[in-house]
Amino acid sequence: MRLKDARYFQIAVLGSLLCYGFFFLGLDLTSQHILTTLTTTLCSQYIFDRYYLGQKFEYKSGLITGLSLSLLLRSNFFYFSALAAFLAIGSKFIIRVNGKHVFNPANFGIITLALLCEEAWLSPAQWGSTTLLAFYLICCGMLVTTKAARIDLCLVFFASYAGLLFQRALYLGDPLSIPLHQLQSGALLIFSCFMITDPRVTPDARLPRLLFGVAVALLAYYLRFKLYWNNTPLYALYFLSPLVPILDVLFKADRFEWLKESISQKNMKLIKETT
Amino acid sequence: MKRLIPYLILLATVTVTPLAAKAFCGFYVAKADTKLFNKASKVVMVRDGNRTVLTMANDYQGEPKEFAIVVPVPTMLEKDQIHVANPALIDHLDSYTAPRLVEYFDENPCNRRVYKAMSAMSMDAAAPAGAARNEAAKKLGVTIEAEYTVGEYDILILSAKESSGLETWLTDNGYKIPSGASEVLGSYIRQNVKFFVAKVNLEEQSKLGFNFLRPLQIAFESPKFMLPIRLGTVNANGTQDLFVFALTKTGRVESTNYRTVKLPEGMDLPAYVKDDFANFYRDMFSTQVKKEDMQAVFLEYAWDMSWCDPCAADPLSNSELKELGVFWVEDPTPMPVYRKPQSGQPGQVGNAWGGSAIAPVPAAANVYVTRLHVRYDAEHFPEDLMFQETGNRENFQARYVLRHPWQGSDQCPEANSYREELKRRQTKEVETLSTLTGWEVDSIERKMGLHPGTSGAQSNSGSNGSSGDKWWKDLWR
């Protein structure tokens, strides 16, 4: 069966990762956190869709954001989970330039909360290398088979970041097992397959998009190895996302829509009408 | 652009009890070809913001004069930034956070029960060091930045331009460099670290009257929250164990580049384990390490330092914490301690050494302790250990429970159902113990006296103990 919308795959992969982490890996994921996050994202999405924009309820987007938040964020209290979820979805509707949201919702929710308070944090290394390898393969398969719109960005970011890690190891004379180990992070997996590839917040044109991927990798590397921060790809995307509207103005291109068929059909109609 | 403080530290210390020998996370350099045995080391990391105080203790077997350490440090250290600690502090912290065994006695089904707890894991402390110097260092690109005598240690702070120069300098000064160390040294040199080299000053040691080497402490400011373990694996014979005691303000510390796993805890074990707890814990830990493919850091304890329940030892006093480097503790007077009344509820509050459990203290010192245990080698832990402090204040302790069966021979319906329940419980205990440790079921049952013809401490001598249970007899009562 061929699914038209890559988001079904994303939901399946993120959902499996969450179930695996919760039931088999014994992660510090509480059912309270997961339920609060999912409920708040879906409710917020519904309210903003129906009453703010007056459009169809986009439950798939809300669910992807909710699953990403459930996987990456940890907090002591359920209301922090709810706040992150609300911030995530709210940012998607409120912080917009030319009708396009500026931040990846989950990224915005997580990093804003992590910057604001100590009660929320990320746990990047709780998956184990075997699990991650399996999920990397699944995610790559997903990106390829669904021809996800932003696979170029995913590849450029990952190649740039991996390249930086390897050049560092070569410079220091370290064994290559070190950069390989550094690439085995749950946060990096979710980031490179589900966050930076979010087609609604990346530059529309290919050239700036690829440059954007390199810039995120460079900033993530700088924050990681010069300032010694953790989870730096997420911070890098957060700090660089405001550049995307500028890049879109400088480099014009078609806006991405999840269901391309509808655009193609519209274009066909237009062509027919004009001819 | 302002240069950011470079890399952290490889810390190694050695506390020497000339008897036992364990490892340290740093790089050990011996002057002679003496067999030095690296097995376990302890590091206390006090961390808030960028401020860090590290206390390093290792068991070391050998003559103090033969011991020396090389520790990469992020910055130049002034004399005041180096201190020698009392090993009793680490012992106390070790006892307070140790995995513990809690013991209950089943009551006569018509009566009550008693309980008490014991802590089982206790480790020795240790830590040595010594340093060498050389006037020709500069020719080799090695600069002796500073030279101090602190306590029984002669300490040098070195910087180096290349690993071969440093290696030659160390070799010329009588240190034996394990093969493979120069690559790791080179990596640290390119990260602009300084090297803290310490040796024992025998004269000072005899003046001070210590016949063991005390833990070394250093205080510094660096954004990097990590423990360098790579050099420590170079000369390691097999795996090493490292215990990290992190003292923070906010909450639990976890590794950011290795999986941090909670040890299984809270389960009931056969009562005979009481006399075999050390073996149980060792085997259980090894089994868990294997289960995680030796790629995990294990959480043994995470608790607010102002209380414990059950207590394996009393919480550290403010003056002890201060000595360990907890710089935000202002008041050096001991913390007030409130004893929790014993509830007597089975399965709830265990009770500790001396029968105490300590409840939360109001306005406590705001110190949260995390005890991590990692077994590592170069293959499974290629990278230094990186950490982060999280906001997680959920308490966790590696705690195991013994329930001594009631041995009475009273006959009553309650006693009969107790005996049946006991059988089920013991079967579960056998399974649990076998799963946790990998021990043979048969051997566990024999030790429990569950096999016919054996007489174990827990054998259920009551009626209905055989396999021919009349399970239906209470069905329609």
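Predicted model: local features only at pLDDT ≥ 70, side-chain atom pairs only at ≥ 80, totals over all residues.
Residues are numbered from 1 along each chain as its sequence is written, and chains are lettered from A in the order in which they are written. Local features need pLDDT of at least 70, side-chain atom pairs count only at pLDDT 80 or more, and side-chain values use heavy atoms.

In chain A, the axes of helix α1 (residues 6-23) and helix α9 (residues 186-195) come within 12 Å and cross at roughly 165°; helices are DSSP runs of H or I with at least four residues, and strands are runs of E with at least two. The two helices α1(A) and α9(A) are therefore roughly antiparallel (angles over 145 degrees, on a scale from 0 to 180). Gln10(A), Val13(A), Leu14(A) and Leu17(A) of α1(A) meet Leu189(A), Ile190(A) and Phe194(A) of α9(A), contact being heavy atoms within 4.5 Å.

In chain B, an open sheet of three strands has the order β12-β21-β14 with antiparallel pairing, where pairing requires at least two DSSP bridges. Strands β12 (226-227) and β14 (253-255) of chain B stand at the edges, each with a single partner strand, so one side of each lacks a neighbour in the sheet. Three bridges join β14(B) to β21(B) (residues 385-389), and Glu254(B) has Gln388(B) as its bridge partner.

Over all chains, the structure holds 23 salt bridges (a side-chain nitrogen of Lys or Arg within 4 Å of a carboxyl oxygen of Asp or Glu). Asp48(B) forms a salt bridge with Lys249(B), with the closest N and O atoms 3.3 Å apart. Asp48(B) lies in strand β2 (residues 40-48) and Lys249(B) in the loop between β13 (240-248) and β14 of chain B, so the pair ties together parts 201 residues apart in sequence.

Conventions. Parallel < 35°, antiparallel > 145°, perpendicular 65-115°, else oblique.
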